[in-house]
Amino acid sequence: MKIEILGTGCPKCKQLIANTEAAVKELAITAEIAKVTDIDKITSYGVMMTPALVVDGTVVSTGKLLNTNEIKKIFTK
Amino acid sequence: MKIKKSLLIVLISLILWFVVYGFLPLLSKFITYDVLRLSAGTHLASAVEFFAYDSPKVLMLLALVVFGVGILRTFFTPQRTRQMLMGKKEFVGNILASLLGIVTPFCSCSAVPLFIGFVTAGVPLGVTLSFLISAPMVNEIALVLLFGLFGWKIALLYLGTGLTIAFIAGWVIGCLHMEKYVEEWVYKSMAGSVEEEKLTWPDRISAGWMAVRDIVGKVWLFVLMGIAVGAFIHGYAPENFLVSIMGKKAWWSVPVSVLIGIPLYSNAAGIIPVVQALLEKGAALGTVLAFMMSVIGLSLPETIILRKVLKPRLIAVFLGVVGSGIMLIGFLFNWIL
């Protein structure tokens, strides 16, 4: 699984990265987590609200600081 | 079943809210005069009573509004707002953008992707700016706090003037044809679109709760600090203390208030208790309104963020037009009232 977190570096984006890492760890899945800070790339996903979470190229959440449980739910879907 | 359960929780919370809210005046008197045993009529008692009454009142109003707006906002995503604004003519587009700015969720750290998303999808520059001015300045939290503390006239005044500034500033910038002062790479970037998730009512209600947790959790300290400043001014500053420096006759206080307001960045919820105390001690309404709008509408951090997509000249025009708009409003109200 490839996970990308889109955000320009605001506190919410950093928190989302931490929550995502926690979710991956708790589920014990193998996933590659990447931070995307490049505005061009963020808008090319069609995202207008950061932070956003992208799983395998699909935007699953925008403008929300998801907690670890919510992220786990998305991953196990 | 799930719908019923979440609606029931909302209903019970609302009833509790109204009961507690109704008892606040009694409670603040009880704390001030019975628990702390302060004698009536002193500066300290007056400040303490103000604080003990205002802080739970403002925080409770805040929670109620944030909950309502949190639900409302699930209906207005930036995607939908963009859809509505695409291909609109300037004039009508500016009006619509200012209105949508009130209800569309917005955080200043998203200003840049939002700007790019709008502009590359064919929303005119001026219309996009109307939205970007209105979104932070006409703040639903400020609106309801003003309503709760000063009544509907001042709340309506704030709403009307904020919308007018957003509309006119965006429209003027549109007429100046400043598209060439947007950084070139913006127009080259690709804006995609995201499929929207379908929301059920329990989803929307839980979005409301999340907004309460998120926003109240973030701003309560600012609110309390604002009320503490307000309480101090209320208890200790003499009546009419501010007439000479912030009164109607001091015309220069309007531009000075706007200038002081730009680097000062406070949450809308934090500034309003200060506004309340300023008004009470003889500051003129226009001056106070200008100060408040400058603090919440023109912020240095947001300007720095926007610099990524706008060239210095457009930034200067942006600040100039919005700043003059706010000043005009200040003068106008000092002159009428």
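**Conventions.** I number residues from 1 along each chain as its sequence is written, and I letter chains from A and number ligands from 1 in the order in which they are written. Because the model is predicted, local features need pLDDT of at least 70 and side-chain atom pairs count only at pLDDT 80 or more, while totals for chains, interfaces and linings use all residues.

**Chain A.** I looked up the secondary structure and found 3 helices and 4 strands (DSSP runs numbered from the N terminus: helices are H or I, at least four residues, and strands are E, at least two). From the N terminus the order in chain A is β-α-β-α-β-β-α. The radius of gyration of chain A is 11 Å, in agreement with the value near 11 Å for a compact globule of 77 residues (taken over C-alpha atoms; the globule rule is 2.2 Å times the number of residues to the power 0.38). The C-alpha atoms of chain A fill a box of roughly 30 × 25 × 15 Å along the principal axes. I noted that 38% of the 77 residues of chain A count as buried (20 or more other C-beta atoms, placed from the backbone, within 10 Å of the residue's own).

**Chain B.** Here I found 16 helices and 0 strands. The radius of gyration is 22 Å, close to the 20 Å from the globule rule for 337 residues, so chain B is as compact as a globular protein of that length. Its C-alpha box is roughly 70 × 60 × 30 Å along the principal axes. Of the 337 residues, 42% count as buried.

**Helix pair in chain B.** I checked α4(B), residues 90-103, against α8(B), residues 152-175: the axes come within 9 Å and cross at roughly 140° (lines fitted to C-alpha atoms over the stretch in contact, with angles from 0 to 180 degrees between N-to-C directions).

**Interface.** I found 15 residues of chain B in contact with 16 residues of chain A (C-beta atoms, placed from the backbone, within 7 Å). Helix α5 of chain B, residues 111-120, gives the largest share of the chain B side, 5 residues.

Key:
Contact = placed C-beta atoms within 7 Å. Buried ≥ 20, exposed ≤ 12 C-beta atoms within 10 Å, placed from the backbone.
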